[in-house]
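Hello,

Here is the structure I promised to pass on. Please open it first, then read my notes below.

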Amino acid sequence: MGKGRYCDGCRYVVTMWEQHDQAQALARELVAEQDAVLLVVDVEPGALPTVQAVAVVAVHDGQALYTALAGEYGTAERGAVLDQLDALLADRRVVREPTLMGPASRYPDALLRLPGQPIQLGPDPLHPRATRSTADPAVAGIWSAWFGWTDSPGSTIPSVPRDGQPVPWTRSLDVVADGRSMAGVLHRIADGTEPVWGRAVWRTRQVDDGRFGG
């Protein structure tokens with residue numbers, strides 16, 4: 001606005017819009033990248049699926065590249081799964097599933113620890129691709145930035161809704177189906193057909209240059 005002034009309302013709308021726009025750009029990158037995959041891990045006791053399992057699903061076409069029972073912690077079966085994940089995920093772009101959606105958390109590094117142990121920060125020296133990395137994007141983060149819901153008025157931090165709003169991916173007994181469901185979300189964000197929140201600020205506010213019509 002000149003003279004060092006700014007429009008706070010406009011800045012808020014533009015900040016939210018930019019995150020929405022960046023979410024689509026990231027989704028487009030992931031959908032176009034042949035090697036990008038979703039890693040779906042269920043090893044938490046008491047989680048909805050009764051059989052603990054892992055799956056690796058291609059973002060590009062939803063193909064299941066690997067699925068297996070996780071096996072018990074410390075067994076040869078679990079070790080074989082970890083070795084396979086190390087080999088398969090090396091040099092791939094890995095997308096994490098939503099970690100807190102559903103009856104229990106799903107963290108990739110739960111493969112490496114006994115139930116109840118704290119999650120260790122940083123890569124595991126023996127199985128780096130079985131651990132959670134802050135460099136890996138998460139479906140929930142991409143979708144929430146696209147969707148535009150925040151937990152308080154004026155917040156610029158998009159969140160997964162906690163007001164009963166449904167999320168567009170599944171959490172089921174079938175980890176491959178869940179991976180394909182999340183890949184579908186990324187595809188819909190990439191092509192602009194995934195719905196956004198009806199009260200997303202760029203839909204309900206008008207700024208002076210007319211780019212964001214309510």
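What follows is a short tour of the sheet, the helices and a few single residues.

Please keep in mind that this is a predicted model.

**The sheet**

Start with the strands. Four of them form an open sheet, in the order β3-β2-β1-β4, and the pairing is mixed. The edges are β3 (64-69) and β4 (94-96), each of which pairs on one side only. On average, neighbouring strands of this sheet are turned by 20° against each other, direction ignored.

Look next at β1, residues 37-42. This strand pairs with β4 in the parallel sense, over three bridges. Within that region, leucine 39 stands opposite arginine 96 of β4.

**Helix α3**

Is this helix enclosed or open? Helix α3 spans residues 139-147, and eight of its nine residues are buried, so the rest of the structure largely encloses it. Both Trp143 and Trp146 are among the buried residues, as are Val139, Ala140, Ile142, Ser144, Ala145 and Phe147. Glycine 148 follows α3, and its phi is positive, near 90°.

Arginine 78 sits in helix α2, residues 76-89. Arginine 78 is buried, yet it has no salt bridge. Which side chain of opposite charge is nearest to it? That is glutamate 72, 5.9 Å away. A salt bridge would need a distance within 4 Å. Leaving aside neighbours within four places in sequence, the contacts of arginine 78 include Val43, Gln52, Tyr73, Ala110 and Leu111. Glu72 is also in contact with arginine 78.

Aspartate 86 is in helix α2 too. Its relative accessible area is 17%. The cut-off for buried is under 20%, so aspartate 86 counts as buried. Not counting residues up to four places away, aspartate 86 touches Leu126, His127, Pro128, Arg129 and Ala130.

**A residue in helix α4**

Go back to helix α4 and find arginine 188. Arginine 188 has 30% relative accessibility, so it counts as partly exposed. Beyond neighbours within four places in sequence, arginine 188 is in contact with Pro168, Thr193 and Glu194. How far is arginine 188 from alanine 27? Their C-alpha atoms are separated by 8.7 Å, although the two are 161 residues apart along the chain.

Best wishes

Conventions. Residues are numbered from 1 along each chain as its sequence is written. This is a predicted model: local features need pLDDT of at least 70, side-chain atom pairs count only at pLDDT 80 or more; totals for chains, interfaces and linings use all residues. Side-chain values use heavy atoms; hydrogens and water are left out. Two strands pair if DSSP finds at least two bridges between them. Helices (H or I, at least four residues) and strands (E, at least two) are DSSP runs, numbered from the N terminus. Axes are lines fitted to C-alpha atoms, for helices over the stretch in contact, and angles run from 0 to 180 degrees between N-to-C directions. Buried means under 20% relative accessible area, exposed over 50%, partly exposed in between (1.4 Å probe, protein chains only). Lys and Arg count as positive and Asp and Glu as negative; His and the chain ends are not counted. Contact means heavy atoms within 4.5 Å.
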